[in-house]
Amino acid sequence: MKNQVTKYYPMLPVLAAYAALFLIGRNMSGMWQLVAMLLFYCALGQAFNIFLGMTGYVDFGYVAFMGVGTYGMALAISRLAHIEGLGAGIIVIGFVLAVLMSTMLSIAVGAVALRLRGAYFAIATIGVNEGFRFLIEGARIWNGSEGIIFTAQLNQILGREAASALATFWADLFVLIIAVAAALVTLIYMRSKIGYALTALREDEDAAKVMGINVTKFKIIAFITSASFAGLVGASSWALKTPYVFPPEVFEIHYTIEAIIIVLLGGAGTLLGPLVGGLIYGISKYYLSIFIPGFQLLIFAPIIIVIIVVFPEGVVGMLKAKTRNTAAGRFIV
Amino acid sequence: MLQVRDLESGYGPMQVLWKPGLEVKAGTVTSLLGPNGAGKSTLLGTVFGSVPPWGGTVVYEGKEITREPTHKKVQLGMALVPEGKHLFPNMTVEENLYMGAYLKRAEAHREESLEQVYELFPRLKERRRQMAGLLSGGEQQMVTVGRSLMTKPKLIMLDEPSQGLAPLLVELMFETIRKMKDDIGLTILLVEQNADASLEAADYVYVMHEGTIKAEGTPDQIKASDDIREAFLGM
């Protein structure tokens, strides 16, 4: 029993960090906007880490899952607004739809692409987000390139004040909850046989097969889990904050690249990595955009170079190696 | 225990196996000899499922398992020690071995299997807390074999276990193969280029060349035939 509890000790620093972020955002004036952005990056990192970190596979089309999640929420609100008495329940429906849609897309993509290994998988996924975007625009699905604007519906259902509170506070709180949930799932996976299977296939897929691990099954589990969290992130951090979606914006590849940087910077396959990576990345991007506006995108390249040269295992990966077999090491996973 | 008939497979458009057939009897060491590029590793891979079969059948313990996925075959007690060292370098020796007992069936016997592996390779017991990546080549090969034993196999297929090892370690490896057969009671299918040692260890020998079986017999019959030795084994 004691063992069962100590297994989940590494959740403590995660919870402490998110609680601190929340308190800073609420109590220091003008900080909520920064905190909201940091929460978004941390959540995106936590979600992506479940796939990239645990399997070692790079999915360049990852933003597509966030995109369809955004659409899930947008569709729920815009199409179901006429039903009386749904109230805030429509948000719940939106989240459910977001998870369903991102899960379905991940099954479709995964069933084909996960049969490929390593770099071939990465190449195969590059076009997924663009392809999906052109499908929506070209086939005029969900209003095509006109997107969905649902400000009116949201005001009608929730009232103007509540809708504004949703965009400025509740949406970010949902993102925080999603990030914590993703971290918890990561830890549960790590501490179960799924984690061992994923570690084995990440380190050496052939060896994993020889041990009788059904590698395809575990890759798909990680892929779907990761994708459904991305869908949730899209639904709350995008659709609920800015009540409109346009295909070119939600399927923008640079979110994938940001997610990759966050995961690698923090430490792929570690629990704390996406949190640390998200904070470092978010803070540097935020202040760069204030001090030298327009140049914030330039930090991509130096960050990648620094990661590769200084900490190939990421910040947390390095800390983890240093604190191995010490008391602190129990919390750094 | 294992019957292979008319197996065909290859990579992309290139066919490697041209209907070889062989049989491995329970409790024996069967050796598959042949020069580079004969298709020995491909044969093991196809039997094990890591190379998709094009045609033919693989029967294991009376059951047709040609197209079963690899993890099912491991579940049924088939193990492959792949060529080269597929280890987890950042895990300790013991962690590597424990990884071998991933399947439920193997997990139940985890501790006794570990004892068995340590008895077979006392060296690994000494090194159990070391990172596998820091071991010598021979020790890494021991871990690879040990990890396969942790899956609790009945049939173990070894792909060039003595490759790249010093002569003394080659001897140790063949000694281990003998122990696996006599002490643990495993059935062994051995792929080797080291024809001398392999003929010593085997109960039955198949000679493979250009994707087919060119000759078979007891080690004595193979050794007695000058044609086979000169043509395929370079002895």
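How far apart do the C-alpha centres of domain 1 of chain B and domain 2 of chain B lie? In this predicted model, where local features need pLDDT of at least 70 and side-chain atom pairs count only at pLDDT 80 or more, totals for chains, interfaces and linings use all residues. Residues are numbered from 1 along each chain as its sequence is written, while chains are lettered from A and ligands numbered from 1 in the order in which they are written.

**The two domains of chain B**

- The C-alpha centres of domain 1 and domain 2 of chain B lie 23 Å apart.
- Domain 1 of chain B covers 2-77 + 154-233 and domain 2 covers 86-152, with bounds that come from an automatic or database domain assignment.
- In chain B, 11 residues of domain 1 are in contact with 10 residues of domain 2, a contact being a pair of residues whose C-beta atoms, placed from the backbone, lie within 7 Å.
- On the side of domain 1 of chain B that touches domain 2, the elements that give two or more residues are helix 2 (70-75) and helix 8 (167-182) of chain B, and helix 8 provides the largest share, 3 residues.

**Ala222 of chain A**

- Ala222(A) is placed in helix 12 (residues 215-239) of chain A, helices being DSSP runs of H or I with at least four residues, numbered from the N terminus.
- Ala222(A) is buried because 28 other C-beta atoms lie within 10 Å, the cut-off for buried being 20 or more, against 12 or fewer for exposed and partly exposed in between, with C-beta atoms placed from the backbone.
- Leaving aside residues up to four places away in sequence, Ala222(A) touches Ile50(A), Phe51(A), Met54(A), Thr55(A) and Leu198(A).

Definitions and conventions: Two residues are in contact if their C-beta atoms, placed from the backbone, lie within 7 Å.
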